[in-house]
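Colleague: I would like to learn how to read a few features of a protein model. Could we take them one at a time?

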Amino acid sequence: MELIEKHLAFGGEQRRYRHRAKTLNCDMTLSVFLPPGACKETPVLYWLSGLTCTDENFVHKAGAQRIAAELGLALVVPDTSPRGEGVADDQADDLGLGAGFYVNATQAPWAEHYRMYDYVSRELPELVEGRLGLSGKRGISGHSMGGHGALVIALRNRHCYRSVSALAPISNPLSCPWGKKAFAAYLGDNLADWESYDAATLLADAKAPWPIRVDVGMDDPFLDEQLLVDELVSAADSSGSELVLHKRAGYNHSYFFVATFMEDHLRFHAAQLK
């Protein structure tokens with residue numbers, strides 16, 4: 001990993017790296033916060049961001065470093081899609097660059113680079129934890145499209161994560177406009193492929209081995225049409241999974257909402273990871 005920049009923050013270090021991603025066949029940037037005294041026992045929280053974001057949105061807007069430093073949590077924040085010359089894109093902001101949806105694309109022209117599921121679940125932990133000497137105690141969280149990614153990756157790799165949460169996640173992409181558009185483009189018309197990346201479907205299939213925390217803003221303009229969080233709650237009920245949903249009156253989909261409840265999520269993860 002090539003270190004691009006480094007900043008002292010709350011006694012720890014906020015770093016940004018560039019590396020060649022084998023699964024994506026392109027160069028990728030990622031951000032890492034290392035708390036004071038980071039070592040091989042330091043647990044890691046992976047954060048997945050939403051549509052149109054990069055690794056920097058969370059770093060600059062969520063206000064997570066102060067609490068992560070206090071709790072001794074490392075934060076790893078990848079980009080939301082492959083990027084660079086030759087990487088397929090679309091004019092819309094809900095497909096292509098910034099909108100990888102954390103799936104492994106099977107359809108042209110996306111399949112050459114858009115393998116964000118493998119990147120986040122396999123290549124990234126091996127690279128970051130190995131290179132920085134961090135533990136294998138992992139949690140995962142995210143916002144919106146990133147909340148979808150966090151839930152799906154955790155539910156498909158239950159032995160790899162000890163804590164899971166999401167803020168305003170796209171919970172049932174099989175049934176919402178964002179999900180239908182992205183899945184049709186990236187995965188084609190095979191419904192089984194769609195179901196393998198649908199958090200509500202995966203949660204309904206089997207009981208989750210850990211509690212799941214979800215926060216949503218009740219003034220979120222995407223709540224009813226795109227997020228479909230009630231489907232996730234129904235799935236948890238049917239599988240006997242523990243899902244705690246916090247409905248936040250007056251809050252919307254913005255990073256003001258994310259920043260407001262970030263401390264609660266970090267403390268939730270720290271309790272599970274330690």
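Predicted model: local features only at pLDDT ≥ 70, side-chain atom pairs only at ≥ 80, totals over all residues.

Colleague: How many helices and strands does the chain have?

Modeller: Helices (H or I, at least four residues) and strands (E, at least two) are DSSP runs, numbered from the N terminus. Here there are 10 helices and nine strands. The radius of gyration is 17 Å, close to the 19 Å that the globule rule gives for 274 residues, so the chain is as compact as a globular protein of that length. That radius is taken over C-alpha atoms, and the rule is 2.2 Å times the number of residues to the power 0.38. The C-alpha trace spans about 45 × 40 × 35 Å along its principal axes.

Colleague: What share of the residues is buried?

Modeller: Buried means under 20% relative accessible area, exposed over 50%, and partly exposed in between (1.4 Å probe, protein chains only). Buried residues make up 60% of the 274 in the chain. For contacts, the criterion is heavy atoms within 4.5 Å. Among contacts between residues at least 6 apart in sequence, 72% join residues at least 24 apart.

Colleague: What is the volume of the largest pocket, and which residues are closest to its centre?

Modeller: On a 1 Å grid over the protein atoms alone, a pocket is an open set of points with protein on both sides within 12 Å along at least five of seven lines; a cavity is a set where a 1.4 Å probe fits but cannot get out; lining residues have an atom within 4 Å of a point. Points are joined across faces, edges and corners, and a volume is the space filled by probe spheres set on them. The largest pocket has a volume of about 260 Å³. Of its 15 lining residues, Gly-50, Leu-51, Thr-52, Cys-53 and His-253 are closest to the centre.

Colleague: Which elements line the largest cavity?

Modeller: β3 (26–34), α1 (56–61) and β5 (74–78) each supply at least two residues of the lining, and β3 gives the most, with three. The volume of this cavity is about 40 Å³. Its lining includes Phe-33, Phe-58 and Leu-75.

Colleague: Where is Asp-93, and what does it touch?

Modeller: Asp-93 is in the loop between β5 and α3 (116–132). With a relative accessible area of 54%, Asp-93 is exposed. Not counting residues up to four places away in sequence, Asp-93 touches Leu-51, Thr-52 and Ala-99. Thr-52 is 41 residues from Asp-93 in sequence, with 6.3 Å between their C-alpha atoms. Pro-109 also has its place in the loop between β5 and α3, and the peptide bond from Ala-108 to Pro-109 is cis, with omega near 0 degrees.

Colleague: Which residue has a positive phi of about 45 degrees although it is not a glycine?

Modeller: That is Ala-168, in the loop between β7 (163–167) and α5 (177–187). Ala-168 is buried, at 0% relative accessible area. Asn-25, not a glycine either, has a positive phi of about 60 degrees. Asn-25 lies in the loop between β2 (12–21) and β3 and counts as partly exposed, at 36% relative accessibility.

Conventions:
Residues numbered from 1 in each chain as written. Heavy atoms only, no water.
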